[in-house]
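Me: I have a structure open and I want to learn how to read it. Can we go through it together, feature by feature?
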Amino acid sequence: MSVEELKSWIRIHKEEIFANDAVGTGCFSYLPGEVVWAVTKRCNLRCKHCSISEEDPEELTTEEGFAIIEDAAKLGPVKFAFTGGEPLLRKDIYDLIEYASSFDMQVVMATNGTLITKEVAEKLKKAGLERAAISIDGIGGAHDDFRGVDGAFDDVLRGLKACEGAGLAIQLFTMVTHDNYGAIPKIIKLADDLSLWRIYLIYLIAVGRGKDISEACLSTDENMRFFDYVADKQKEVKVWLKPICNPQYWAYLKDKGLVDREDGFEFTGCTAGITRFHIFPNGDVTPCAYLPVKTGNVREQRFLDIVRDSEMFKALRAREVRGQCAACEYKEMCGGCRSRAYAISGDYLAEDPVCSLGDGGRR
Ligand code: SF4
Ligand code: SF4
């Protein structure tokens, strides 16, 4: 398809691109923001890429969770996302969802999907869950292999169908690595066949267990070619394809002349610590699930005070980024993935090296 065709198609579908209807902020949407609470590190799967793999039984209590929810609601009509580990392993998960949904917030959940039966899906819906993001990284045995448990693919398909039956909106979370790159078209087809609304195509950030498979991360050139693939593929399918942990996708679209500010495309880049806040199971607060640098703990300080006073969040809000990101014309609309910068360099303000759009990248 020609650039002009793609451009006009993107313009026509602008509302959908910005629609605030997903689990996750898509790594470009500041408003209204998202508070993510990883309620447990426990999980029934053993995924190769898991970002929180360390054994640590410490978890916040139900009452501590209620306090986080109350604080999150004071930030405005943000999304409140439950994740893990596997959030369905917490016995009080339905009470937590019900409490969160009593405020003016969209309540969403990221889950591996394997524990969702018809009964579970109906309970989630009744408690007030609006949407679920379910992980699929391969088809059949390839998914089982990536997720470390035989039968996981069949279980996740059952979970997807149960959510659909209960009236929950569903999207996919799909890791994109060297190992499953060839399966991405099949996963997109599966999502389209199931009439799913979105797939978040996640760049592997090498933290947690993901450190052991860092060689599976796409290189800069491969990642840019992946953007070519996604932009091109989007016109063929109804399901929305969103590369995440990749805020430069939106800069890429601008660089190609496919989106323009005059047309109302105002991407706002990496949201970590700006309107996206992550709470680990032990109460540590960080800017993003993939950026395990603690800036406070809700057992020592109110969540709202941490959000307001954190020097780390202030630096992220001010985009005090370095290297090619500092000089880049797309600094405001992208800012680089702060988690990837940290995973690769140990400095969350360092340049995002998996990019060929910034000054250093025009090499
Ligand atoms: S740090 Fe990376 S994964 Fe996290 S919000 Fe920013 S772009 Fe997305
Ligand atoms: S150089 Fe940094 S700010 Fe510029 S597009 Fe690349 S990642 Fe984004």
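Me: In E6, which residue is the bridge partner of Met175?
Reply: The partner of Met175 in E6 is Ile202. Before going on, note that this is a predicted model: local features need pLDDT of at least 70, side-chain atom pairs count only at pLDDT 80 or more, and totals for chains, interfaces and linings use all residues. Residues are numbered from 1 along each chain as its sequence is written, while chains are lettered from A and ligands numbered from 1 in the order in which they are written.

Me: What makes two strands a pair?
Reply: Two strands pair if DSSP finds at least two bridges between them. Strands (E, at least two residues) and helices (H or I, at least four) are DSSP runs, numbered from the N terminus. Here E5 and E6 pair in the parallel sense, over six bridges. Strand E4 (residues 131–135) also pairs with strand E5 (residues 169–176) in the parallel sense, over five bridges. There, Ala132 has Ile170 of E5 as its bridge partner.

Me: In what order do the ten strands of the sheet stand?
Reply: The order is E7-E6-E5-E4-E3-E2-E1-E8-E9-E10, in an open sheet with mixed pairing. Strand E7 (240–244) and strand E10 (296–297) are at the edges with a single partner strand each, so one side of each has no neighbour in the sheet.

Me: How do I read the two faces of a strand?
Reply: In a regular strand the side chains alternate between the two faces of the sheet. Then check burial. A residue is buried if 20 or more other C-beta atoms lie within 10 Å of its own, exposed if 12 or fewer, and partly exposed in between; C-beta atoms are placed from the backbone. Take strand E6 (residues 198–203): six of its six residues are buried, so E6 is largely enclosed by the rest of the structure. One side of E6 has Arg198, Tyr200 and Ile202, and the other has Ile199, Leu201 and Tyr203.

Me: How many residues of E3 are buried?
Reply: Six of the six, so E3 is largely enclosed by the rest of the structure. Gln106, Val108 and Ala110 cover one side, with Val107, Met109 and Thr111 on the other. E3 pairs with E2 in the parallel sense over four bridges. Phe82 has Met109 of E3 as its bridge partner.

Me: How do I describe two packed helices?
Reply: Use the angle between their axes and the distance between the axes. Axes are lines fitted to C-alpha atoms, for helices over the stretch in contact, and angles run from 0 to 180 degrees between N-to-C directions. The axes of H4 and helix H5 (residues 118–127) come within 8 Å and cross at roughly 30 degrees. That makes H4 roughly parallel to H5 (angles under 35 degrees count as roughly parallel, over 145 as roughly antiparallel, 65 to 115 as roughly perpendicular and the rest as oblique). Tyr94, Ile97, Glu98 and Ser101 of H4 make the contact with Lys123, Leu124 and Ala127 of H5 (in contact means C-beta atoms, placed from the backbone, within 7 Å).

Me: Is Asn246 buried or exposed?
Reply: Asn246 is buried, with 30 other C-beta atoms within 10 Å. Asn246 lies in the loop between E7 and H10. Not counting residues up to four places away in sequence, Asn246 touches Cys27, Tyr203, Asn223 and Cys337. Asn246 and Tyr203 are 43 residues apart in sequence, yet 6.7 Å apart in space, C-alpha to C-alpha.

Notes
Contact = placed C-beta atoms within 7 Å.
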